[in-house]
There are 2 protein chains.
Amino acid sequence: MRLPDFKVEQWMTQYEGQARYNLTDTCVQAVPFHQLADVHEMKDIVLDYGCITGDEETKTLIAQLYTKGSIQQITTAHGCLEANELVMMTLLEKGDHVITVVPGYQQFVDIPKSIGCDVTLVQTEEANQWKPDMRTLCSLIRQETKMVILNNPCNPTGALLEEEDLKELIALCETKGVYLFCDEVYRDPRIQPSVSDLCSMGISTGSLSKSFGLAGLRYGWVKGPEHVIDQINIRRDYAMVSTGPVADFLARKALEQKEELLQRGQDLIAQNKKTLEQWCQNNPLFHVCLPQAGTVCFLGYDFEYPSTQLALDLMQEGIFFVPGDCFDTPGYLRMGLGQDAQQTKVGLERLSQWVQAHIG
Amino acid sequence: MRLPDFKVEQWMTQYEGQARYNLTDTCVQAVPFHQLADVHEMKDIVLDYGCITGDEETKTLIAQLYTKGSIQQITTAHGCLEANELVMMTLLEKGDHVITVVPGYQQFVDIPKSIGCDVTLVQTEEANQWKPDMRTLCSLIRQETKMVILNNPCNPTGALLEEEDLKELIALCETKGVYLFCDEVYRDPRIQPSVSDLCSMGISTGSLSKSFGLAGLRYGWVKGPEHVIDQINIRRDYAMVSTGPVADFLARKALEQKEELLQRGQDLIAQNKKTLEQWCQNNPLFHVCLPQAGTVCFLGYDFEYPSTQLALDLMQEGIFFVPGDCFDTPGYLRMGLGQDAQQTKVGLERLSQWVQAHIG
């Protein structure tokens with residue numbers, strides 16, 4: 001089951017090591033180990049498989065990121081990406097119809113395609129704050145539609161769908177028995193709602209990688225209807241067994257400090273958003289729809305320059321962006337807002353200088 | 001892409017917690033954390049994704065488990081199970097022909113079937129030391145054959161295929177361009193050869209879970225031809241991103257102590273094998289082909305009793321076995337040889353007592 005290159009991931013893998021100013025990372029700046037846990041507490045962990053369907057204490061803390069649902073509605077995975085893969089591989093079959101939004105995360109297009117699904121793409125535009133037109137989206141649901149896939153807040157655009165935006169879609173998914181699967185890895189659970197709380201057909205995934213700044217734990221989860229979780233747990237036996245006691249323990253530590261970790265991220269993002277807003281005012285060749293939530297946005301530019309070439313040329317100066325081309329959207333750079341504030345500021349200044357020197 | 005219940009894994013998940021005498025675990029007794037690593041060394045790990053295709057130092061140590069090959073021929077995964085899934089999901093397509101051996105590990109039958117492959121099973125028998133007849137196996141290779149899947153040493157039978165046994169198959173796979181994929185999770189790399197060293201079409205998987213007693217790290221790998229690893233790395237971007245810096249670090253620690261960890265396991269297995277051999281002499285209703293390698297064997301019994309019922313009834317006494325039924329092989333219990341020696345001894349004594357009381 002061959003898959004095409006995952007463009008954004010390959011770009012990150014290939015060039016991230018050369019970045020002096022990482023202006024594109026989707027994670028909040030990574031936490032060092034000693035800030036997360038007292039290493040002494042780990043000494044007595046027995047390194048067996050641990051609880052196969054995820055440590056119950058950890059799942060109890062995950063459940064508290066939602067307004068509804070029991071730990072029977074949660075299963076764990078090695079990051080949100082694996083959680084997403086488990087959802088799609090478990091529920092989708094050849095011939096199913098799937099609807100998703102672009103520009104978006106390539107996994108939601110190419111995993112369904114590799115299974116043999118018919119994938120309909122809903123295009124979004126900056127002029128509409130990168131939100132899909134919900135009436136159009138709803139009108140695409142038909143007899144064979146098995147799943148609508150969203151990413152909320154969205155990578156790369158930063159678009160946020162509020163409860164009000166989702167209302168009609170939720171009702172329709174419930175009536176028609178269509179899964180509403182939403183990757184909520186960029187969600188701040190203190191503020192934004194989850195489709196798994198709002199919709200009886202809702203399946204949400206999340207992780208500690210983005211808003212928590214703990215990608216190194218490779219810890220994610222799925223929350224959904226219990227019968228869906230039961231099915232996913234069958235596939236988990238073929239795909240991963242367990243998340244293991246080390247990751248379960250460290251995830252528990254992170255979730256016990258969720259308030260501090262999430263606030264740390266939000267403070268960084270708020271600072272960088274302000275920097276970017278001011279920078280855009282002084283750099284009229286650029287435009288951006290500042291995100292209401294999440295860690296990323298899509299920085300547009302009004303000059304003729306292929307985005308891949310632009311990103312490569314900026315890379316020569318150590319200024320690291322993922323080009324819009326990786327999301328099939330020329331004229332944009334994917335910008336991350338969760339990295340070090342000073343680095344972001346200086347990186348944007350270097351970008352100004354480069355533009356003045358090369359574009360005018 | 002629904003999968004059937006993974007019988008052995010579900011049995012383990014459901015009943016392992018009730019075991020007083022775990023006579024069936026496939027892992028060497030788990031190592032406690034403090035025996036593996038000095039926790040202080042972890043303090044400064046930055047919890048980002050780490051090296052996406054696996055930490056190079058760790059991969060260098062993995063490469064030393066083989067006689068040939070560079071780190072470009074290795075990629076990492078969360079355990080051998082995920083490594084296996086990556087290999088099959090990457091290389092197999094609907095319509096491909098696959099050959100594997102039973103009784104064996106259900107993943108090698110049902111993942112290919114879920115993709116739409118035509119799977120031919122080669123039956124093995126205790127009378128032939130559970131080894132497949134290699135002439136028969138070779139004769140089954142045809143135009144559409146994409147892959148031969150082995151598990152060496154084999155779970156549940158403990159069968160070991162030596163270099164000599166594999167010679168004809170290796171030559172044929174090379175001539176016909178058939179992948180020879182071998183799960184070597186039970187291999188002792190100090191003693192047994194790897195198909196990835198012996199065959200240009202060979203792909204091996206391994207992990208730290210079984211012989212090393214470190215299932216809790218969820219750390220495995222694939223070693224194969226570089227073009228195969230490159231393809232697997234494409235799928236990894238859709239399935240897991242990275243193993244992460246915590247697991248990479250702990251795996252490095254384990255591999256730095258491979259001699260001690262592997263010897264610890266082999267000593268336990270040798271002791272338990274001796275116990276079992278003596279026990280069988282005193283319990284003529286049972287028979288076993290003692291394994292030359294690996295951590296498991298298939299304990300046969302000569303009385304009428306459905307194996308699932310037998311395992312359930314023994315469970316009432318805290319004696320934990322996986323029934324042969326989980327491997328579609330009635331009349332057997334899957335026995336693990338890597339657990340605590342005293343527990344194994346007492347567990348077998350309890351089994352004798354139960355048999356005397358219930359069978360006579």
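The model is predicted, and it holds a chain A and a chain B that touch each other, with 64 residues of chain A and 64 residues of chain B taking part in the contact. In chain A, seven strands form an open sheet with mixed pairing, and chain B likewise has an open sheet of seven strands with mixed pairing.

**The sheet of chain A**

- Reading across the sheet of chain A, the strands follow the order β2-β8-β7-β6-β5-β3-β4.
- Because β2 (74-77) and β4 (118-123) of chain A stand at the edges and each has a single partner strand, one side of each is left without a neighbour in the sheet.
- Neighbouring strands of this sheet are turned by 20° against each other on average, when direction is ignored.
- Within the sheet, strand β6 (residues 179-183) of chain A runs parallel to strand β7 (residues 202-207) of chain A, and four bridges join the two; in β7(A), A:Ser204 is the bridge partner of A:Cys182.
- Helix α3 (residues 56-63) of chain A packs on the sheet, where it touches β2 and β8 (220-223) of chain A, and its direction makes about 110° with that of β2(A).
- Helix α7 (residues 163-176) of chain A lies across β5 (145-151) and β6 of chain A, and it runs at about 155° to β5(A).

**The sheet of chain B**

- The strand order in chain B is β2-β8-β7-β6-β5-β3-β4, and its edge strands are β2 (74-77) and β4 (118-123) of chain B, each of which pairs on one side only.
- Six bridges join β3(B) to β4(B), which run parallel, and the partner of B:Ile99 in β4(B) is B:Thr120.
- Helix α7 (residues 163-176) of chain B packs on the sheet by touching β5 (145-151) and β6 (179-183) of chain B, and its direction makes about 155° with that of β5(B).
- Helix α9 (residues 226-239) of chain B lies across β2, β6, β7 (202-207) and β8 (220-223) of chain B, running at about 30° to β2(B).

**Where the chains meet**

- About 5400 Å² of area is buried between chain A and chain B, and carbon and sulfur atoms give 61% of it.
- A:Met1, A:Leu47 and A:Tyr238 supply 18% of the area that chain A buries against chain B, which is more than any other three residues supply.
- Two salt bridges are counted between chain A and chain B, and the side chains of B:Glu85 and A:Arg235 meet in a salt bridge of 3.8 Å, taken from N to O.
- Across this interface there are 37 residue pairs in polar contact, with both residues at pLDDT 80 or more.
- The helices of chain A that each supply at least two residues of the side touching chain B include α1 (7-15), α4 (80-91) and α9 (226-239), and the largest share, seven residues, comes from α9(A).
- By class, the side of chain A that touches chain B has 33 nonpolar, 15 polar and 16 charged residues.

- Most residues other than glycine have a negative phi, and most peptide bonds are trans.
- A cis peptide bond, with omega about 20°, joins A:Asn155 and A:Pro156, and A:Pro156 is found in the loop between β5 and α7 of chain A.
- Another cis peptide bond joins B:Val102 and B:Pro103, with omega about -5°, and B:Pro103 is found in the loop between β3 (97-102) and α5 (107-115) of chain B.
- A:Trp130 has a positive phi, near 60°, and is found in the loop between β4 and α6 (134-139) of chain A.

Key:
Residues are numbered from 1 along each chain as its sequence is written. Chains are lettered from A and ligands numbered from 1 in the order in which they are written. This is a predicted model: local features need pLDDT of at least 70, side-chain atom pairs count only at pLDDT 80 or more; totals for chains, interfaces and linings use all residues. Side-chain values use heavy atoms; hydrogens and water are left out. Two strands pair if DSSP finds at least two bridges between them. Axes are lines fitted to C-alpha atoms, for helices over the stretch in contact, and angles run from 0 to 180 degrees between N-to-C directions. Contact means heavy atoms within 4.5 Å. Buried area is the accessible area (1.4 Å probe) that two parts lose on being put together, summed over both. A salt bridge is a side-chain nitrogen of Lys or Arg within 4 Å of a carboxyl oxygen of Asp or Glu. A polar contact is a pair of N or O atoms within 3.5 Å; within protein, one must be able to donate a hydrogen and the other to accept it, and residues adjacent in sequence count only if both atoms are side-chain atoms. Ala, Val, Leu, Ile, Met, Phe, Trp, Tyr, Cys and Pro count as nonpolar, Asp, Glu, Lys and Arg as charged, and the others, Gly among them, as polar.
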